[in-house]
Amino acid sequence: MTQVRIPPVLRASAGGNKQVELEGATVGEVLQQLVDRFPDLRSQLFTEGGELNRFVNVYLNDEDVRYLSELATTAGARDTIVVLPAMAGGSGSAKGRLGEACPAKATLVICGIW
Amino acid sequence: MSQSYGELMRSLREQIPVVGVGEVESVVRQPPSADLRSPIVIDVRERYEWDAGHIPNTVHIPRGSLEEHIESVVPDRSRPVILSCQSGARSLLAARTLREMGYTDVANFAGSFEGWRRAGLPIETPAALSDAQRRRYSRHLLIPEVGVDGQKRLLDSKVLLIGAGGLGSPAALYLAAAGVGTVGIVDFDVVDESNLQRQVLHTTDRVGTKKVESAAETIRALNPDVKVIGHDEVLGEDNVERLIAGYDAILDGTDTFEVRYTLNDAAVRAGIPVVHASVFRFEGQLTVFAPGVGPCYRCLYPTPPPPELAPGCSVAGVLGVVPGIMGLVQANELIKLLLGIGDPLIGRLLIFDALDATFTELRLRRDPACPACGHLWGDVADGDGRRPQAITLERSRSGPAGTSAPAGTSAPVQLDGRPAARG
């Protein structure tokens, strides 16, 4: 079983889980298991063509799988996969956006922080 | 048996060997060596005399504390020691003291500093700090990696904080306390009650005032050495170049992808390192983007998520101490960059989990095809997070610069090509 670490911003789409254990011989297989189990994650992680989205980085232990064998990278029982989507929350200076219901301008805002 | 001062000096001159300018010059050509057999020159004058100028590559131990400190500087009593002062008298008396303590190879530089100066040889003047600054930064001055030269460098440094919020607040406080001479702050916002849970620059009575004004007030009260430059505006394509110009390093504590990309691209163009962090509930992540040295934000994320997938456009919240911790790690990275010490978080992403109390490190790699920084890499194509050969940041760096340490030689900051991640 490979551990998959779910980042905080995606936990709502993953049943609130922080870490899940999944079976799979490769990183691609493990992530397939993940999105089968939590379908809301599919569009977050993959393009319609089944490629990893470019705004999400996937690490096997501490290494970006794009510099290994991408989704074909072998995943072992003692490995941890880390999913790392772009995240913008920072200073909390964006007062006023909090109450807005995702207006067009806020589409690039992660309203997580203030 | 009593002895007049004149008699004492005459007697000592007969006993203590003398060295001349030429011999001292050959000894101080290099910093004092770790080789315990090589000669070392010790200047026994007072602090104010040393500060006014001294012979390079000598060690300063004031006459009054010579007995106390000599053993830590010269543990081997057979090591050749040359003593120097202003005109050769105090050094002669110091030589007697060392002999009494069992030092066997002690000589007096008869001409001392005045003779050196008359010979037209180079004189080193250490960075000058006021007495008040010496007291305020005394704990920094005690650290060899900071010392007077390092503190002076901090006082001469300029850091720009993008955002005086959750990350910028703790960073601003500690950077100001550390004596970073100029702190610029870009923030268009006013203090809101809901900010006070984590934005420790601001206070309850300042709700409704401009954040840049509130920040400036807090920083001025903490450390009058610090010049605060407030930029009460939104960072955008039209003003980013003007806003970041002239700063040595930038703290990115913004909320939006737009600003992060705009800042990244401009900082790469200007060659200014950005210490980047973001936080979410109980977690934070942090890295240093140093143009031409490691990957940039676009190497990590070439594109932002599409609007419909921008995660968490909801009231997610954050534990106040999380940006506090991340902001201080940012301040730490900034100070390291300014001083040119340690191993910066370049090519490494640090993830902090407050609930687990863990720090995890991921390796970041540059993208040779990066539209923002790819051109900086030439044909280097090893896919590593850092450029393989040694890289030099613009700022020059001194060697160990403790209050009585050997004067350092100037050398560039080396951000060497060690592997980016070490497990």
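Helices here are DSSP runs of at least four residues, and strands are runs of at least two. Keep that in mind for the counts. One caution before them: this is a predicted model.

Start with chain B. Its secondary structure comes to 15 helices and 15 strands. Of its 423 residues, 46% are buried. Now take the contacts between residues at least 6 apart in sequence. In chain B, 66% of those join residues at least 24 apart.

Chain A next. It has two helices and five strands. What order do the elements of chain A run in, from the N terminus on? They go β-β-α-α-β-β-β. Chain A has 114 residues, and 43% of them are buried. Among its contacts with a separation of 6 or more, 47% are between residues 24 or more positions apart.

Back to chain B, and a pair of helices. Two packed helices are described by the angle between their axes and the distance between the axes. Our pair is H10, residues 168-178 of chain B, and H15, residues 321-339 of chain B. Their axes come within 7 Å. They cross at roughly 40°. Are they parallel or oblique? An angle under 35 degrees would count as roughly parallel. H10(B) and H15(B) are therefore oblique to each other. The crossing is right-handed.

Which residues meet there? On the H10(B) side, they include Gly168(B), Pro170(B), Tyr174(B) and Leu175(B). On the H15(B) side, among them are Gly324(B), Leu328(B), Gln330(B) and Ile335(B). By class, this contact has nine nonpolar residues, five polar and no charged ones.

H10 and H15 have another neighbour: helix H9. The buried residues of H9(B) pack against H10 and H15, and also against helix H8 (138-141) of chain B. H9 covers residues 147-155 of chain B. Eight of its nine residues are buried, so H9 is largely enclosed by the rest of the structure. The buried ones include Asp149(B), Lys152(B) and Arg153(B). Gly147(B), Val148(B) and Leu154(B) are buried too.

Last stop: helix H11, residues 211-222 of chain B. How far does H11 reach, from its first C-alpha to its last? The span is 16 Å for 12 residues, close to the 16 Å expected at 1.5 Å a residue. Its buried residues include Lys211(B), Val212(B), Ala215(B) and Ile219(B). What do the buried residues of H11(B) pack against? H10 again, plus strand E7 (182-186) and strand E8 (227-231) of chain B.

Terms used:
Residues are numbered from 1 along each chain as its sequence is written. Chains are lettered from A and ligands numbered from 1 in the order in which they are written. This is a predicted model: local features need pLDDT of at least 70, side-chain atom pairs count only at pLDDT 80 or more; totals for chains, interfaces and linings use all residues. A residue is buried if 20 or more other C-beta atoms lie within 10 Å of its own, exposed if 12 or fewer, and partly exposed in between; C-beta atoms are placed from the backbone. Two residues are in contact if their C-beta atoms, placed from the backbone, lie within 7 Å. Axes are lines fitted to C-alpha atoms, for helices over the stretch in contact, and angles run from 0 to 180 degrees between N-to-C directions. Angles under 35 degrees count as roughly parallel, over 145 as roughly antiparallel, 65 to 115 as roughly perpendicular and the rest as oblique. A crossing is left-handed if the near helix is turned anticlockwise from the far one by less than a right angle, and right-handed if clockwise. Ala, Val, Leu, Ile, Met, Phe, Trp, Tyr, Cys and Pro count as nonpolar, Asp, Glu, Lys and Arg as charged, and the others, Gly among them, as polar. The expected span of a helix is 1.5 Å times one less than its number of residues.
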